[in-house]
Amino acid sequence: MQDDAAPRDGGGDDAVARDAAEEASAFSHPEVAPDVTMAYGAHPDQVIDFYAPRDPDPEVPAPVVVVLHGGAWRAPYDRRHITPFADFLTRRGFAVANVEYRRGETAPPAPGGPVIPAQGGPTDPGRDDAVPSEAGGTATGGPVAGRWPDTFDDVAAALDALPALVRRALPQADPLRMVITGHSAGGHLALWAAARHLLPADAPWRTDRPAPLRGVVALAPIADFEVAEKLDVCGGASRQLLGGEATFAERLPYADPVRLLPTGIATTLVQGRTDIVVPQAVAESYADAAAKAGEVVGLTLLEDVGHFPLIDPAADACAVVAEEIAQLAW
(Lines give C-alpha, C1' and ligand atoms only; values in the text may rest on other atoms or scores of the structure.)
Protein backbone atom coordinates (compact mmCIF):
# COMPACT_ATOMS: atom_id res chain seq x y z
CA MET A 1 0.00 0.00 0.00
CA GLN A 2 2.95 2.27 0.49
CA ASP A 3 4.91 4.16 -2.16
CA ASP A 4 8.55 4.11 -1.14
CA ALA A 5 9.21 7.19 -3.29
CA ALA A 6 7.08 9.34 -0.99
CA PRO A 7 8.78 10.80 2.10
CA ARG A 8 7.65 9.29 5.36
CA ASP A 9 8.11 10.90 8.74
CA GLY A 10 10.32 8.97 11.11
CA GLY A 11 11.75 6.86 8.28
CA GLY A 12 14.84 4.72 8.32
CA ASP A 13 15.40 1.16 7.22
CA ASP A 14 14.07 -0.41 10.43
CA ALA A 15 10.92 1.72 10.48
CA VAL A 16 10.21 1.07 6.81
CA ALA A 17 10.76 -2.66 7.24
CA ARG A 18 8.43 -2.80 10.23
CA ASP A 19 5.81 -0.79 8.36
CA ALA A 20 6.03 -3.20 5.43
CA ALA A 21 5.64 -6.22 7.71
CA GLU A 22 2.62 -4.68 9.46
CA GLU A 23 1.07 -3.84 6.12
CA ALA A 24 1.63 -7.38 4.83
CA SER A 25 -0.06 -8.83 7.89
CA ALA A 26 -3.06 -6.50 7.63
CA PHE A 27 -3.60 -7.41 3.98
CA SER A 28 -3.01 -11.13 4.36
CA HIS A 29 -6.62 -11.83 5.38
CA PRO A 30 -9.15 -12.92 2.77
CA GLU A 31 -11.95 -10.58 1.81
CA VAL A 32 -15.16 -11.18 3.79
CA ALA A 33 -18.42 -10.97 1.86
CA PRO A 34 -21.22 -8.92 3.44
CA ASP A 35 -24.62 -10.25 4.42
CA VAL A 36 -26.32 -7.67 2.24
CA THR A 37 -25.35 -4.67 0.11
CA MET A 38 -27.64 -1.68 -0.37
CA ALA A 39 -27.34 1.45 -2.47
CA TYR A 40 -27.64 5.01 -1.21
CA GLY A 41 -27.30 6.53 -4.69
CA ALA A 42 -27.12 5.72 -8.38
CA HIS A 43 -23.33 5.59 -8.82
CA PRO A 44 -21.72 2.11 -8.51
CA ASP A 45 -19.59 3.36 -5.60
CA GLN A 46 -22.63 4.63 -3.68
CA VAL A 47 -23.21 1.43 -1.75
CA ILE A 48 -22.99 0.16 1.80
CA ASP A 49 -22.13 -3.40 2.81
CA PHE A 50 -23.93 -4.60 5.91
CA TYR A 51 -22.64 -7.26 8.28
CA ALA A 52 -24.86 -8.77 10.95
CA PRO A 53 -23.40 -9.46 14.39
CA ARG A 54 -22.28 -13.02 14.98
CA ASP A 55 -24.11 -14.78 17.81
CA PRO A 56 -26.24 -11.74 18.69
CA ASP A 57 -28.16 -11.45 21.94
CA PRO A 58 -31.82 -11.70 20.87
CA GLU A 59 -32.82 -9.51 23.81
CA VAL A 60 -30.42 -6.65 23.09
CA PRO A 61 -30.25 -4.98 19.66
CA ALA A 62 -26.66 -4.63 18.50
CA PRO A 63 -24.95 -1.25 18.14
CA VAL A 64 -24.03 -0.25 14.60
CA VAL A 65 -20.44 0.58 13.69
CA VAL A 66 -20.13 2.65 10.53
CA VAL A 67 -16.78 1.93 8.86
CA LEU A 68 -15.09 4.33 6.44
CA HIS A 69 -12.05 2.80 4.75
CA GLY A 70 -8.79 4.56 4.08
CA GLY A 71 -6.41 4.57 1.15
CA ALA A 72 -5.66 8.28 0.75
CA TRP A 73 -9.04 8.89 -0.95
CA ARG A 74 -7.54 7.26 -4.05
CA ALA A 75 -9.51 5.05 -6.45
CA PRO A 76 -7.35 1.91 -6.23
CA TYR A 77 -8.42 1.48 -2.61
CA ASP A 78 -11.98 0.36 -2.09
CA ARG A 79 -13.90 -1.06 0.85
CA ARG A 80 -12.71 -4.62 0.23
CA HIS A 81 -9.44 -4.18 2.10
CA ILE A 82 -11.20 -3.37 5.36
CA THR A 83 -13.73 -6.23 5.28
CA PRO A 84 -11.65 -8.45 7.62
CA PHE A 85 -11.81 -5.61 10.16
CA ALA A 86 -15.58 -5.37 9.64
CA ASP A 87 -15.87 -9.11 10.25
CA PHE A 88 -13.71 -8.78 13.37
CA LEU A 89 -16.18 -6.26 14.77
CA THR A 90 -19.16 -8.52 14.09
CA ARG A 91 -17.48 -11.20 16.19
CA ARG A 92 -17.37 -8.64 18.99
CA GLY A 93 -21.15 -8.25 18.86
CA PHE A 94 -21.46 -5.23 16.57
CA ALA A 95 -23.47 -4.77 13.43
CA VAL A 96 -21.34 -3.12 10.76
CA ALA A 97 -22.07 -0.80 7.86
CA ASN A 98 -19.04 -0.63 5.54
CA VAL A 99 -19.46 2.48 3.37
CA GLU A 100 -18.10 2.91 -0.13
CA TYR A 101 -17.66 6.37 -1.63
CA ARG A 102 -16.24 7.93 -4.77
CA ARG A 103 -12.50 8.41 -4.74
CA GLY A 104 -9.96 9.95 -7.09
CA GLU A 105 -9.89 8.97 -10.73
CA THR A 106 -7.22 6.59 -11.89
CA ALA A 107 -6.31 4.53 -14.90
CA PRO A 108 -7.53 0.89 -14.80
CA PRO A 109 -5.08 -1.52 -13.12
CA ALA A 110 -2.96 -3.67 -15.36
CA PRO A 111 -4.23 -7.25 -15.88
CA GLY A 112 -2.90 -9.43 -13.11
CA GLY A 113 -1.75 -6.39 -11.14
CA PRO A 114 -2.14 -5.97 -7.39
CA VAL A 115 -5.58 -5.34 -5.93
CA ILE A 116 -4.04 -2.87 -3.49
CA PRO A 117 -1.39 -0.73 -5.26
CA ALA A 118 0.83 1.91 -3.69
CA GLN A 119 -0.96 4.71 -1.88
CA GLY A 120 1.90 7.19 -1.89
CA GLY A 121 0.57 9.11 -4.88
CA PRO A 122 2.58 10.99 -7.49
CA THR A 123 5.76 9.31 -8.64
CA ASP A 124 7.50 12.65 -8.09
CA PRO A 125 6.94 13.34 -4.36
CA GLY A 126 7.74 16.99 -4.86
CA ARG A 127 4.60 17.41 -6.98
CA ASP A 128 1.96 17.32 -4.24
CA ASP A 129 -0.28 19.52 -6.38
CA ALA A 130 -0.54 16.99 -9.21
CA VAL A 131 -3.56 17.43 -11.43
CA PRO A 132 -5.67 14.77 -13.16
CA SER A 133 -4.43 13.73 -16.57
CA GLU A 134 -6.67 12.94 -19.52
CA ALA A 135 -5.84 9.25 -19.20
CA GLY A 136 -6.69 9.11 -15.52
CA GLY A 137 -4.45 9.51 -12.51
CA THR A 138 -2.20 12.55 -12.34
CA ALA A 139 0.20 14.34 -14.62
CA THR A 140 3.03 12.89 -12.53
CA GLY A 141 1.85 9.31 -12.92
CA GLY A 142 0.03 8.43 -9.69
CA PRO A 143 -3.68 8.24 -8.85
CA VAL A 144 -5.16 11.51 -7.65
CA ALA A 145 -6.64 11.67 -4.16
CA GLY A 146 -10.38 12.13 -3.90
CA ARG A 147 -12.93 14.04 -5.93
CA TRP A 148 -14.25 17.44 -5.05
CA PRO A 149 -17.08 17.59 -4.16
CA ASP A 150 -18.10 13.97 -4.90
CA THR A 151 -16.24 12.32 -2.02
CA PHE A 152 -17.96 14.61 0.48
CA ASP A 153 -21.31 14.33 -1.31
CA ASP A 154 -21.18 10.59 -0.89
CA VAL A 155 -20.20 10.46 2.77
CA ALA A 156 -22.94 12.97 3.64
CA ALA A 157 -25.55 11.06 1.60
CA ALA A 158 -24.53 7.72 3.09
CA LEU A 159 -24.79 8.98 6.67
CA ASP A 160 -28.17 10.56 5.95
CA ALA A 161 -29.48 7.33 4.44
CA LEU A 162 -28.03 4.98 7.05
CA PRO A 163 -30.77 4.89 9.73
CA ALA A 164 -33.42 3.79 7.23
CA LEU A 165 -31.07 1.35 5.50
CA VAL A 166 -30.03 -0.20 8.81
CA ARG A 167 -33.66 -0.87 9.69
CA ARG A 168 -34.12 -2.69 6.39
CA ALA A 169 -30.79 -4.53 6.23
CA LEU A 170 -30.13 -5.31 9.90
CA PRO A 171 -33.37 -5.71 11.87
CA GLN A 172 -31.34 -7.06 14.81
CA ALA A 173 -29.41 -3.77 15.07
CA ASP A 174 -30.18 -0.49 16.82
CA PRO A 175 -29.65 2.54 14.53
CA LEU A 176 -29.97 4.81 17.57
CA ARG A 177 -26.70 3.40 18.92
CA MET A 178 -24.34 4.21 16.10
CA VAL A 179 -20.58 4.79 16.30
CA ILE A 180 -18.56 5.88 13.28
CA THR A 181 -14.98 4.77 12.77
CA GLY A 182 -12.52 5.20 9.95
CA HIS A 183 -8.90 4.48 9.21
CA SER A 184 -6.42 7.03 7.86
CA ALA A 185 -8.28 8.96 5.12
CA GLY A 186 -11.41 7.24 6.41
CA GLY A 187 -10.60 8.61 9.85
CA HIS A 188 -10.69 12.08 8.32
CA LEU A 189 -14.10 11.35 6.81
CA ALA A 190 -15.41 10.00 10.12
CA LEU A 191 -14.40 13.19 11.96
CA TRP A 192 -15.81 15.32 9.15
CA ALA A 193 -19.12 13.44 9.10
CA ALA A 194 -19.55 14.07 12.82
CA ALA A 195 -18.93 17.81 12.36
CA ARG A 196 -21.29 18.67 9.51
CA HIS A 197 -23.37 20.91 11.79
CA LEU A 198 -20.28 23.14 12.12
CA LEU A 199 -19.66 23.59 8.41
CA PRO A 200 -19.93 27.07 6.88
CA ALA A 201 -23.51 28.16 6.24
CA ASP A 202 -23.12 27.83 2.48
CA ALA A 203 -21.80 24.25 2.61
CA PRO A 204 -24.19 21.84 0.88
CA TRP A 205 -23.42 19.17 3.47
CA ARG A 206 -24.24 21.26 6.53
CA THR A 207 -26.88 19.91 8.93
CA ASP A 208 -28.93 21.91 11.40
CA ARG A 209 -28.04 19.66 14.32
CA PRO A 210 -25.29 17.23 15.35
CA ALA A 211 -25.33 13.80 13.76
CA PRO A 212 -27.19 11.11 15.74
CA LEU A 213 -23.98 9.34 16.74
CA ARG A 214 -22.92 7.83 20.04
CA GLY A 215 -19.35 8.69 19.16
CA VAL A 216 -16.41 8.70 16.77
CA VAL A 217 -13.32 6.47 16.91
CA ALA A 218 -10.83 7.77 14.35
CA LEU A 219 -7.89 5.49 13.59
CA ALA A 220 -4.65 7.25 12.60
CA PRO A 221 -6.81 9.94 11.00
CA ILE A 222 -5.65 12.62 8.59
CA ALA A 223 -7.21 15.06 11.01
CA ASP A 224 -5.29 18.28 10.33
CA PHE A 225 -4.64 18.98 6.67
CA GLU A 226 -2.03 21.68 7.13
CA VAL A 227 0.07 19.50 9.42
CA ALA A 228 -0.43 16.57 7.06
CA GLU A 229 0.82 18.65 4.15
CA LYS A 230 3.89 19.78 6.06
CA LEU A 231 4.70 16.11 6.65
CA ASP A 232 3.80 15.16 3.05
CA VAL A 233 1.35 12.53 4.28
CA CYS A 234 0.48 10.11 1.47
CA GLY A 235 2.24 12.20 -1.14
CA GLY A 236 0.25 15.39 -0.74
CA ALA A 237 -3.11 13.63 -0.70
CA SER A 238 -4.89 16.31 1.34
CA ARG A 239 -3.97 18.98 -1.17
CA GLN A 240 -5.10 16.80 -4.06
CA LEU A 241 -8.42 16.05 -2.32
CA LEU A 242 -9.18 19.76 -2.20
CA GLY A 243 -8.29 20.31 -5.85
CA GLY A 244 -4.63 21.31 -5.62
CA GLU A 245 -2.71 24.39 -4.61
CA ALA A 246 -5.12 26.90 -6.19
CA THR A 247 -8.13 25.83 -4.10
CA PHE A 248 -6.53 24.26 -1.03
CA ALA A 249 -6.79 27.24 1.34
CA GLU A 250 -10.31 28.30 0.36
CA ARG A 251 -11.68 24.77 0.77
CA LEU A 252 -10.07 24.02 4.14
CA PRO A 253 -13.03 25.41 6.16
CA TYR A 254 -15.32 22.97 4.33
CA ALA A 255 -13.18 19.88 4.67
CA ASP A 256 -10.57 20.02 7.45
CA PRO A 257 -11.78 18.46 10.73
CA VAL A 258 -9.40 20.52 12.83
CA ARG A 259 -11.39 23.62 11.80
CA LEU A 260 -14.71 22.05 12.81
CA LEU A 261 -14.56 22.05 16.60
CA PRO A 262 -16.04 21.55 19.12
CA THR A 263 -18.44 18.91 17.78
CA GLY A 264 -20.20 18.00 21.02
CA ILE A 265 -19.87 14.32 20.04
CA ALA A 266 -17.69 11.94 22.05
CA THR A 267 -14.52 11.40 20.05
CA THR A 268 -11.49 9.17 20.50
CA LEU A 269 -8.40 9.01 18.32
CA VAL A 270 -6.34 5.80 18.25
CA GLN A 271 -2.81 6.25 17.00
CA GLY A 272 0.31 4.12 16.75
CA ARG A 273 3.41 5.85 18.05
CA THR A 274 5.56 4.34 15.30
CA ASP A 275 3.19 5.20 12.45
CA ILE A 276 5.25 6.53 9.52
CA VAL A 277 2.27 6.77 7.14
CA VAL A 278 0.17 9.25 9.15
CA PRO A 279 2.49 10.31 11.97
CA GLN A 280 1.40 10.88 15.56
CA ALA A 281 1.81 14.65 15.18
CA VAL A 282 -1.32 14.82 13.00
CA ALA A 283 -3.59 13.30 15.64
CA GLU A 284 -1.94 15.33 18.40
CA SER A 285 -2.62 18.55 16.52
CA TYR A 286 -6.32 17.71 16.30
CA ALA A 287 -6.53 16.79 19.99
CA ASP A 288 -4.75 20.03 20.95
CA ALA A 289 -7.12 22.08 18.79
CA ALA A 290 -10.10 20.38 20.40
CA ALA A 291 -8.79 21.21 23.87
CA LYS A 292 -8.37 24.86 22.88
CA ALA A 293 -11.99 24.80 21.65
CA GLY A 294 -13.14 23.51 25.04
CA GLU A 295 -13.66 19.88 24.05
CA VAL A 296 -11.92 16.84 25.46
CA VAL A 297 -10.94 14.38 22.73
CA GLY A 298 -9.48 11.07 23.79
CA LEU A 299 -6.08 10.19 22.33
CA THR A 300 -5.01 6.59 22.77
CA LEU A 301 -1.36 6.18 21.78
CA LEU A 302 -0.14 2.63 21.23
CA GLU A 303 3.52 1.79 21.76
CA ASP A 304 5.37 -0.08 19.02
CA VAL A 305 2.37 0.12 16.70
CA GLY A 306 2.37 1.58 13.19
CA HIS A 307 -0.37 2.42 10.73
CA PHE A 308 -1.86 -0.91 9.73
CA PRO A 309 -2.25 -2.96 12.95
CA LEU A 310 -5.25 -0.79 13.86
CA ILE A 311 -7.30 -2.64 11.22
CA ASP A 312 -5.48 -5.99 11.37
CA PRO A 313 -7.57 -8.67 13.14
CA ALA A 314 -4.36 -10.54 13.96
CA ALA A 315 -2.89 -7.58 15.87
CA ASP A 316 -3.43 -6.69 19.51
CA ALA A 317 -4.02 -3.09 18.43
CA CYS A 318 -7.21 -4.13 16.66
CA ALA A 319 -8.63 -5.44 19.94
CA VAL A 320 -7.85 -2.07 21.52
CA VAL A 321 -9.79 -0.39 18.73
CA ALA A 322 -12.79 -2.66 19.34
CA GLU A 323 -12.71 -1.81 23.02
CA GLU A 324 -12.63 1.92 22.31
CA ILE A 325 -15.68 1.48 20.08
CA ALA A 326 -17.45 -0.59 22.73
CA GLN A 327 -16.95 2.10 25.36
CA LEU A 328 -18.95 4.53 23.19
CA ALA A 329 -21.47 2.11 21.74
CA TRP A 330 -22.83 0.21 24.72
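Me: Which residues in α1 are buried?

Reply: In α1, Asp 19, Glu 22, Glu 23 and Ala 26 are buried, where buried means under 20% relative accessible area, exposed over 50% and partly exposed in between, with a 1.4 Å probe and protein chains only. This is a predicted model, where local features need pLDDT of at least 70, side-chain atom pairs count only at pLDDT 80 or more, and totals for chains, interfaces and linings use all residues. Residues are numbered from 1 along each chain as its sequence is written, and side-chain values use heavy atoms, with hydrogens and water left out.

Me: How do you know that the buried residues of α1 line one face of the helix?

Reply: Looking down the axis of α1, its buried residues fall within an arc of 100°, so they line one face; the arc is that of the directions from the helix axis to the C-beta atoms. On the other side of α1, Asp 13 and Asp 14 are exposed.

Me: Which elements do the buried residues of α9 pack against?

Reply: They pack against β3 (62-68), α2 (83-90), β5 (173-183), β6 (215-219), β7 (267-272) and β8 (298-302). Helices (H or I, at least four residues) and strands (E, at least two) are DSSP runs, numbered from the N terminus. Among the buried residues of α9 are Cys 318, Val 321 and Ile 325.

Me: Why is Ile 311 called buried?

Reply: Ile 311 has a relative accessible area of 4%, and the cut-off is the one given above, so Ile 311 counts as buried. Ile 311 sits in the loop between β8 and α9.

Me: What is Ile 311 in contact with, leaving aside its neighbours within four places in sequence?

Reply: Ile 311 is in contact with His 81, Ile 82, Phe 85, His 183, Leu 219 and Cys 318, and contact means heavy atoms within 4.5 Å. Across the protein chain, residues 24 or more positions apart account for 78% of the contacts with a separation of 6 or more.

Me: How many of the residues in the protein chain are buried?

Reply: Buried residues make up 58% of the 330 residues. The chain's secondary structure comes to nine helices and eight strands.
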